[in-house]
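Here's a quick briefing to read alongside the 3D view. Take a look around first, then work through the points below.

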Amino acid sequence: MHNVTKLQAPFERLKKYDISPDIALRKAIIMQAIFDATSTSKDRKAIKAKYEAQAWLFGGCDDFKQIRFEADLCPKLVMQIAKEEIMLSAKRGEVKKSTN
């Protein structure tokens, strides 16, 4: 069983190629937070990381706002992608439960 979200088309919008390694790093941090927020793992550490990532993405954290700004990403785009991926992840989890 795999508990990893596969790179989906919406993430490609975050992967826009940049010359600056700093911008690429900021985008990678945001992508990792979205991956963590969509985890379906039952492992305690993964569950903790999931809730921390969701709080970081949606909690209005100044750190997130700064990284998003430095990554030159539209706040609405990041939130939309995160919400869509979390909903898809939850649906996949429901399907797995019903097939077991």
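Which side chain meets Glu 52 in a salt bridge? The partner is Lys 48, with N and O 3.7 Å apart. Keep in mind that this is a predicted model.

**Salt bridges**

- The structure has two salt bridges in total.
- One of them joins Arg 26 to Glu 70, and their closest N and O atoms sit 2.7 Å apart.
- Arg 26 belongs to helix H2 and Glu 70 to helix H4, so this pair ties together parts that are 44 residues apart in sequence.
- Glu 70 has 30% relative accessibility, so it counts as partly exposed.
- Glu 52 and Lys 48, on the other hand, are both in helix H3, four residues apart, or about one turn of the helix.
- Is Lys 48 buried or exposed? Lys 48 counts as exposed, because its relative accessibility is 53% and the cut-off for exposed is over 50%.
- Glu 52 has a relative accessible area of 47%, so this residue is partly exposed.

**The nonpolar core**

- The largest nonpolar core has 15 residues, and the ones that touch the most other members are Ile 30, Ile 34, Trp 56, Leu 57 and Phe 64.
- Four helices each supply at least two residues of this core: H2 (21-37), H3 (44-58), H4 (62-70) and H5 (75-99).
- Leaving aside residues up to four places away in sequence, Trp 56 touches Ile 29, Ile 30, Ala 33, Cys 61, Asp 63, Phe 64 and Ile 67.

**The aromatic pair**

- How many aromatic pairs are there? The count comes to one.
- That pair is Trp 56 with Phe 64, arranged edge-to-face, with 4.9 Å centre to centre and 75° between the planes.
- Trp 56 counts as buried because its relative accessibility is 16%, and buried means under 20%.
- Phe 64 counts as buried too, at 6% relative accessibility.

**Apart in sequence, together in space**

- Which helix holds Ile 23? Its place is in helix H2.
- Ile 23 and Ala 71 are 48 residues apart in sequence, yet their C-alpha atoms are 4.8 Å apart in space.
- Ile 23 has a relative accessible area of 22%, so this residue is partly exposed.

Methods:
Residues are numbered from 1 along each chain as its sequence is written. This is a predicted model: local features need pLDDT of at least 70, side-chain atom pairs count only at pLDDT 80 or more; totals for chains, interfaces and linings use all residues. Side-chain values use heavy atoms; hydrogens and water are left out. A nonpolar core is a set of buried Ala, Val, Leu, Ile, Met, Phe, Trp, Tyr and Cys residues joined through side-chain atoms within 4.5 Å. Buried means under 20% relative accessible area, exposed over 50%, partly exposed in between (1.4 Å probe, protein chains only). Contact means heavy atoms within 4.5 Å. A salt bridge is a side-chain nitrogen of Lys or Arg within 4 Å of a carboxyl oxygen of Asp or Glu. Rings of Phe, Tyr and Trp (its six-membered ring) pair if their centres lie within 6.5 Å; planes under 30 degrees apart count as stacked, over 60 as edge-to-face and the rest as tilted.
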